[in-house]
Amino acid sequence: MARAVALATQGGYSKAILTGRANDCPSGRCCYPSIMKKTAANILQFLVIAERIKRELRHSWLSDGRRESVAEHTWHMSLLALLAHRHLEVPVRIEPVLKMIIVHDLVEALAGDVPFFEVGERKQAKAARELAAIEEIRSRVGGETGQEIHDLWHEFEARETLEARFAGALDYLEVQMQHNLADLDTWEPVEYDLVYTKMDKVCAHDAFLVELCGAVKEQAEAKMLAAGVDVDAVKRRLGLS
């Protein structure tokens with residue numbers, strides 16, 4: 001009961017809900033069970049929307065040739081965070097990292113996914129659509145949890161905290177890791193360049209992330225070389241050799 005009272009207090013519910021005493025409830029009976037029922041229904045309704053990221057496909061393919069979903073990218077990032085966080089030069093709190101990863105692409109349930117390298121109208125509208133989506137998510141979830149999801153998403157986007165910078169680095173690293181597992185035919189030519197231009201900056205703040213980034217790039221180079229890509233020409237075009 002104490003925990004229920006605490007949760008109700010956080011949600012701003014009435015004295016009757018907090019105490020469970022009939023004389024505190026205008027209807028003359030305990031109101032808390034009805035609040036629990038409403039909350040359970042609200043969670044289930046929101047999960048109907050969140051399920052869309054299991055079906056929203058990315059410009060990324062799996063090793064068996066199937067396109068990757070947003071949810072699969074999120075899961076892979078979460079596992080990567082768990083595997084990597086103890087090796088960081090500067091420690092981070094893993095709980096907020098995992099929470100940020102869980103919600104970082106949740107807006108795509110409403111706004112859809114736009115590839116990193118895409119140009120044009122969809123890319124130009126991406127930021128505004130995602131801002132509108134996170135506001136809608138906050139409203140639909142409601143209460144303290146809706147605000148938490150909203151704040152975590154904005155923290156991830158701002159990349160100011162150590163946890164957000166770590167999560168942001170993993171976001172880019174995971175993309176390349178998955179590309180390294182996929183057939184090279186699924187890569188766009190611009191993605192040869194992204195091996196060298198996308199990951200380094202977001203990993204530069206931590207020695208272990210720099211090392212991990214280097215290992216991921218080595219895998220990508222080996223894949224390109226095996227397929228006959230002129231890696232030296234790519235580097236020359238980018239001014240790297």
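Predicted model: local features only at pLDDT ≥ 70, side-chain atom pairs only at ≥ 80, totals over all residues.
**Two residues**

Start with Glu 72. It lies in helix α5, which spans residues 70-84. Its relative accessibility is 25%, so Glu 72 counts as partly exposed. Setting aside residues up to four places away in sequence, Glu 72 touches Leu 62, Arg 66 and Arg 67. Take the pair Glu 72 and Leu 62. They are 10 residues apart in sequence. In space, their C-alpha atoms are 9.9 Å apart.

Now Gln 178. This residue is found in helix α10, residues 162-181. Gln 178 has 5% relative accessibility and therefore counts as buried; the cut-off for buried is under 20%. Neighbours within four places in sequence are again left out. Gln 178 is then in contact with Ser 60, Trp 61, Leu 62, Ser 63, Glu 68 and His 76.

| Residue | Relative accessibility | Class |
|---|---|---|
| Glu 72 | 25% | partly exposed |
| Gln 178 | 5% | buried |

**Two helices**

Two packed helices are described by the angle between their axes and the distance between the axes. Helix α3 covers residues 32-50 and helix α8 covers residues 121-141. They pack at an angle of about 155 degrees, and their axes are 9 Å apart. Because angles over 145 degrees count as roughly antiparallel, α3 is roughly antiparallel to α8.

Which residues in α3 and α8 meet? From α3 come Asn 42, Phe 46 and Ile 49. From α8 come Ile 137, Arg 140 and Val 141. By class, this contact has four nonpolar, one polar and one charged residues.

Definitions and conventions
Residues numbered from 1 in each chain as written. Heavy atoms only, no water. Helix = DSSP H or I, 4+ residues; strand = E, 2+ residues; numbered from the N terminus. Buried < 20%, exposed > 50% of the residue type's maximum accessible area, 1.4 Å probe, protein only. Contact = heavy atoms within 4.5 Å. Axes fitted to C-alpha atoms, helices over the stretch in contact; angles between N-to-C directions. Parallel < 35°, antiparallel > 145°, perpendicular 65-115°, else oblique. Nonpolar A, V, L, I, M, F, W, Y, C, P; charged D, E, K, R; others polar.
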